[in-house]
Amino acid sequence: MQNKETMDLIKKAKRQDADAFAELMQLYMKDLYRVALAILMNDEDAADAIQDTILVCWEKLNTLRQEQYFKSWMTRVLINKCYDIRSKALRMVDLESYEEPSAEDEYNLEYKEALSLLDEKYRCVMTLFYSEGYHIDEISAILEISASAVKTRLRRGREKLARYYGEDGKE
Amino acid sequence: MEDKEVKIFTSDIEVPAVVQKKADAAFAQIKKERMDAMNEQKRDTRTESGKKKILKYLKPVIAAAACAALIAGGVLGVNVGKDYDSPDFAVNSKNNGEQVLEEATQGNPFVLTVYAKELEPGNPIPLVLQEGGLGRAYVFGGNEEGNVNYCINTDFSCQGENIERVGYSVDHGAFQIIQPIDPEDRIVVEGQIYNGELNTGSIGGGYEENLDVQPELYETVLYQSFILDYDRQNDENTWINICNEIADGGEIMDLIWGAETSLERENEGINKMLDHVIITCTAYYSDGTAQSVDIEVGSRVMTYEEAGEPSGKGKIPQDTKGTFITFEVK
């Protein structure tokens, strides 16, 4: 659910106000980045997915019937873009395979380290739940998986990270 | 305590420069395409001597801006006539919002006008685009999915004695009202919101002047019906349009814009698209009664002279035929 200011931006964007749309998407930039990173695991690909998402959202915004679902809709668009990029195997690497990380991938190293410990299916669910604040049923709808699958992935992902932080003394 | 494995997901992160850079590139591309589309439509209008009435928008999302450039000035008249045989019953909206039928006042007629032009029963009045000034326009569109849509500016004014409020409803589609964001500047005093979304062009809202800034002063609302105070029926910052979107409009699209089209086929296509849309105007009198009139919106082929299009240098020859949106009392 978005606040009134955000809803106003969505309405303006739907009226083809490019500045309002840019402001709106900028509000969600960190959210977009987190989700894209959870799937793609590198900044270059995440940037491509976000760029494509911005363009698609602008083009298709008039198809969004209920403005309060803008963020869920945008996230769904982003996830589809991420899957497209991943399926094309463009620079598909994970953090551990880096030999010489680019300067861009020096951002958010601790966060990426945590993500790298998890399979993508856990990363995505945990990001949507803990970082983005979506409810179980919302994640279920966004990822088109059952609510029980969401819960299972949350539990297993959390257990795996807990083991790592416990064993490694990273607490 | 929030565990470490959870805290890592809630901690703040930094958007990398490469991400912001590509996002900015996307924003710049959107702005450029938006401006290009608007400028192109402005050029189209200038080169058509104000006579480009129908545009095909493959991407209706640009129609909102484009149609504003279509406004070429004009006058549209609709008049019920003092001898109009009004219906016995009219829909009346009470303060509690309930819709009730109430016997209408007999012998208490009203005149529906736009810029003092009157319509007598059986005499359809065409929407005429005229040169100069802020006028009237309509815009049609179609998209890749086969939907077609229309948006037609209407600017009725109801005149009569002892009328307190004037209401309008439309039997399919909706009223698209572009009005100031500031509630105090709005003229709609009551309205039933249209339950749905229509992807059509728009007319009005200041798009034609400062493309970036002025639209932010306005909001677009779709109403199924609305009511105005008798003393405040029109405002220079409010545009009242009827609009609708029709699915599976492939045949209509072909009739209006197809390679084999003709005036007759275009006219047939427009009428299919409009589908006998009826606007009902209701006058609410101070004695609690109401009286209504139905107006059908359609299309006809006629010469510019018959339509009352101004003649003169740079104008389309008066014996030229064209399709015209018409308003006719039913």
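Two residues are in contact if their C-beta atoms, placed from the backbone, lie within 7 Å. With that in mind, look at A:Ala46, which touches A:Tyr33, A:Ala36, A:Leu37, A:Leu40 and B:Val19, leaving out residues up to four places away in sequence.

The model you are viewing is predicted, so local features need pLDDT of at least 70, side-chain atom pairs count only at pLDDT 80 or more, and totals for chains, interfaces and linings use all residues. Residues are numbered from 1 along each chain as its sequence is written, while chains are lettered from A and ligands numbered from 1 in the order in which they are written.

Now to the cores. A nonpolar core is a set of buried Ala, Val, Leu, Ile, Met, Phe, Trp, Tyr and Cys residues joined through C-beta atoms within 7 Å. Buried means that 20 or more other C-beta atoms lie within 10 Å of a residue's own, again placed from the backbone. The largest core has 57 residues, and A:Ala46 is among those with the most contacts inside it. Helix H3 of chain A (residues 29–40) gives the most to this core, with 8 residues; helices (H or I, at least four residues) and strands (E, at least two) are DSSP runs, numbered from the N terminus.

Next, find strand E8 of chain B, residues 148–154, where 7 of 7 residues are buried. In a regular strand the side chains alternate between the two faces of the sheet. B:Tyr150 is one of the buried residues on one side of E8(B), and B:Cys151 is one of those on the other.

Strands pair if DSSP finds at least two bridges between them. E8(B) runs antiparallel to E14(B) (residues 239–246), joined by 7 bridges, and B:Cys151 stands opposite B:Cys243.

Key. Buried ≥ 20, exposed ≤ 12 C-beta atoms within 10 Å, placed from the backbone.
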